[in-house]
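I opened my notebook to look up a few things in this model. Here are my entries, in the order I made them.

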Amino acid sequence: MATKLVTGLAKGEETKNVAKQATEGAMKKLGGQKVDLSIVYSSPKYDYGEVVKIVRELTGGAPLIGCSTAGEFTEEKVENQSVTVGLISSDRMKFFTYLRESSINAFGDEAYSKIAISNLLKCNSGEKRNH
């Protein structure tokens, strides 16, 4: 199978319908393969919590990252006030999400976080970790 990235994009008035259409559009292109990572870009026009809820439900709770946007695009088109969903399926890579709620201070937290994330990625790819 290797690694596959597919996308879906939808726009409309109701958050639930738009999120569902974008996700289902991408899933159709995935052809039944397991979703390993969801990437969501949403216009602030939509309820972010509802978008995330729908995408998680439809992808079986796959790890999810995303952000708000001032314009959304896929390889097919560019839109405004829409939701774009990218789905990745891979038998070679593993994906993990990380949420940091505190701010980064001047005493090295940023460097520590980068090292921790780098080590996590290396660990999951089979590389030796630095401590």
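**Entry 1**

Is Glu-76 buried or exposed? I found that Glu-76 is exposed, at a relative accessible area of 58%. I kept in mind that the model is predicted. Next I asked what the side chain of Glu-76 meets in a salt bridge. The partner is Lys-29, with N and O 3.1 Å apart. This pair links distant parts of the chain, 47 residues apart: Lys-29 sits in helix α1, and Glu-76 in the loop between β4 (72-73) and β5 (78-79). I noted Lys-29 as partly exposed, because its relative accessible area is 33%, which falls between the 20% and 50% cut-offs.

**Entry 2: the other salt bridges**

How many salt bridges does a search of the whole structure find? I got three.

Another of them joins Lys-45 to Glu-13, and I read 3.4 Å between the closest N and O atoms. I looked up how open each partner is. Glu-13 counts as exposed at 68% relative accessibility, whereas Lys-45, at 34%, counts as partly exposed.

I then turned to Lys-34, which forms a salt bridge with Asp-36. The closest N and O atoms in this pair are 3.4 Å apart. Are the two partners buried or exposed? Lys-34 is exposed, with a relative accessible area of 61%. Asp-36 has a value of 14% and is therefore buried, since the cut-off for buried is under 20%.

**Entry 3: Gly-25**

Where does Gly-25 lie? I placed Gly-25 in helix α1, which covers residues 15-30. Helix α1 also holds Lys-29 from my opening entry. Why does Gly-25 count as partly exposed? Its relative accessibility is 28%, so it lies between the cut-offs of 20% and 50%.

Which residues does Gly-25 touch, if I leave out those up to four places away in sequence? I noted Thr-7 and Gly-8. I also checked Gly-25 against Val-6: the two are 19 residues apart in sequence, and their C-alpha atoms are 9.0 Å apart in space.

**Entry 4: a recap for myself**

Asp-36 is my example of a buried salt-bridge partner, and Glu-76 is one of the exposed ones.

Terms used. Residues are numbered from 1 along each chain as its sequence is written. This is a predicted model: local features need pLDDT of at least 70, side-chain atom pairs count only at pLDDT 80 or more; totals for chains, interfaces and linings use all residues. Side-chain values use heavy atoms; hydrogens and water are left out. Helices (H or I, at least four residues) and strands (E, at least two) are DSSP runs, numbered from the N terminus. Buried means under 20% relative accessible area, exposed over 50%, partly exposed in between (1.4 Å probe, protein chains only). Contact means heavy atoms within 4.5 Å. A salt bridge is a side-chain nitrogen of Lys or Arg within 4 Å of a carboxyl oxygen of Asp or Glu.
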